[in-house]
Amino acid sequence: MKINESEISLQQQAQSFFETSITTKYSYKFSWLGRPIIQYPQDMVAMQELIWKVQPDLIIETGIAHGGSLIFSASMLELNAICGACQDAEVLGVDIDIRAHNREAIEAHPMFKRISMIQGSSVDPEIIEQVKAKASGKQKILVCLDSNHTHDHVLAELEAYAPLTSVGSYCVVFDTVIEDLPDNMFSDRPWSKGNNPKTAVWEYLKTHPEFEIDKSIQDKLLITVAPDGYLKRV
Ligand SMILES: C[S@@+](CC[C@H](N)C(=O)[O-])C[C@H]1O[C@@H](n2cnc3c(N)ncnc32)[C@H](O)[C@@H]1O
């Protein structure tokens with residue numbers, strides 16, 4: 001598709017906005033139905049579109065934090081159900097450290113009826129087995145990876161969980177944008193340029209032609225933490 005000058009200008013402004021927004025911790029300013037969600041609003045809208053399009057009966061998420069993304073996914077499944085889709089669709093979250101106050105708030109939330117949580121590392125073989133057990137018998141599974149953002153960890157998560165993604169559904173890998181940002185922005189973190197979710201995605205795709213990057217999503221969002229991270233199972 002040919003891109004005109006206005007769109008190029010918009011892309012440049014989006015990139016500039018994005019870089020500045022990292023320094024202001026923009027992604028920490030939002031909540032969903034009362035729980036803090038560490039996402040950009042654009043990606044939330046993209047997730048809503050995917051959850052409506054795929055109509056999953058299970059969403060698997062690594063990285064729970066305060067629970068905002070779990071509540072978000074559960075509320076989208078609730079809306080799908082109201083509109084006649086799968087009535088017992090559910091969300092499974094995995095986090096190495098579910099803080100007591102977060103667990104309490106998530107469990108007290110009306111959307112908790114669609115949520116279950118497992119505490120442990122997402123790459124621990126025992127945890128992977130528990131997730132696979134939950135996935136067994138499900139028809140349409142959507143996967144979101146948003147935990148530890150190092151290359152090795154995300155690659156291990158992709159090996160473990162991407163195969164659970166149903167054909168036509170998505171495995172969404174968050175924070176691939178780390179590869180595109182100045183390296184000094186993450187000096188206090190174990191990830192960096194060359195060692196992040198995007199490098200893991202690129203490595204994984206070399207041997208997994210059953211996935212392709214759905215560039216149409218990042219091209220329309222312009223502002224996203226997941227460029228090359230919306231992986232469609234074909
Ligand atoms: C970016 S936050 C998740 C944000 C959440 N998805 C949201 O949108 O609000 C990352 C989370 O990953 C968790 N985490 C870090 N290492 C992990 C691991 N090895 N296995 C599972 N979770 C991990 C952290 O405890 C933290 O809660």
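**Figure 1. Helices and strands of the predicted chain.** The chain holds eight helices and nine strands (DSSP runs, H or I of at least four residues for helices, E of at least two for strands). Its radius of gyration is 17 Å, close to the 17 Å that the globule rule gives for 234 residues, so the chain is as compact as a globular protein of that length (C-alpha atoms; rule: 2.2 Å times the number of residues to the power 0.38). The C-alpha trace spans about 45 × 40 × 40 Å along its principal axes. This is a predicted model: local features need pLDDT of at least 70, side-chain atom pairs pLDDT 80 or more, while totals for chains, interfaces and linings use all residues. Numbering starts from 1 along each chain as its sequence is written, and side-chain values use heavy atoms, without hydrogens and water.

**Figure 2. The shell around the ligand.**

Figure 3. Contacts are N or O pairs within 3.5 Å. A polar side-chain atom of D146 lies 2.8 Å from a ligand nitrogen. For S121, a polar side-chain atom is 3.1 Å from a ligand nitrogen. I96 places a polar backbone atom 3.2 Å from a nitrogen of the ligand.

Key:
Polar contact = N/O pair within 3.5 Å; in protein donor to acceptor, adjacent residues only side chain to side chain.
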